[in-house]
Amino acid sequence: MEKPNTKPNGKVIAYFQMDKNKKRVLDSKESYESCAKSAFELADDYYKMATSLVRIHPMSLMELAVISTLALSCELFIKAILLNNQIEITRTHKLNALFNMLPSNVKAEIKKNHPCSNIRIEHFELNLKEVKNAFPILRYGYEYSSMACNVVFIAELANTLAQFCNQFFKKATSD
């Protein structure tokens with residue numbers, strides 16, 4: 001079977017018209033793991049970018065660009081976990097829907113490690129539901145006359161997912 005985006009001679013084909021580039025075919029454990037690793041690396045890049053800005057300018061956590069980037073990293077971290085578990089994911093940005101697709105033991109581990117510094121632990125799912133569309137809403141923040149969300153919950157979720165994924169994917173690459 002020919003690999004997507006390759007010529008018969010094995011050379012990679014890529015297009016400047018971005019929507020012409022072929023998507024990965026997820027048809028084996030290896031293809032899922034490769035895609036999961038790519039999703040993790042992208043999530044980690046977004047997470048590091050946002051958190052480095054917050055370290056330099058702590059009030060930037062209140063900026064829509066920073067919190068939407070953290071929300072996107074949450075989405076990609078969860079998708080990386082799902083892909084690594086060979087769970088087919090739908091095209092959604094809904095954090096709660098993606099979280100609910102995770103294996104029970106992973107959900108429990110993430111929930112256990114989320115600091116919940118400004119909520120009670122029994123309100124974790126409620127807060128996840130309230131910020132479920134954080135990325136798609138915040139990236140179009142200019143369309144709203146006002147907005148409120150639990151930015152601390154999103155930032156802590158991103159941190160918890162980053163730690164979980166870093167531990168898992170770093171361990172997987174050292175095996």
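Which residue forms a salt bridge with Asp-44? Select Lys-48: its closest N and O atoms with Asp-44 are 3.0 Å apart. A salt bridge here is a side-chain nitrogen of Lys or Arg within 4 Å of a carboxyl oxygen of Asp or Glu.

This is a predicted model, where local features need pLDDT of at least 70, side-chain atom pairs count only at pLDDT 80 or more, and totals for chains, interfaces and linings use all residues. Residues are numbered from 1 along each chain as its sequence is written, and side-chain values use heavy atoms, without hydrogens and water.

Stay on helix 1. Asp-44 and Lys-48 are four residues apart there, about one helical turn. Helices are DSSP runs (H or I, at least four residues), numbered from the N terminus. Asp-44 is buried at 4% relative accessibility; Lys-48 is partly exposed at 46%. Buried means under 20% relative accessible area, exposed over 50%, partly exposed in between (1.4 Å probe, protein chains only).

Next, select Lys-79 and Glu-75. They form a salt bridge, with the closest N and O atoms 2.9 Å apart. Both lie in helix 2, four residues apart. Lys-79 is buried at 12%, and Glu-75 is buried at 2%.

Now jump to Arg-120 and Glu-122. Their side chains meet in a salt bridge at 2.5 Å, N to O. Arg-120 is exposed at 52%, while Glu-122 is partly exposed at 47%. The structure holds seven salt bridges.

Definitions and conventions. Helix = DSSP H or I, 4+ residues; strand = E, 2+ residues; numbered from the N terminus.
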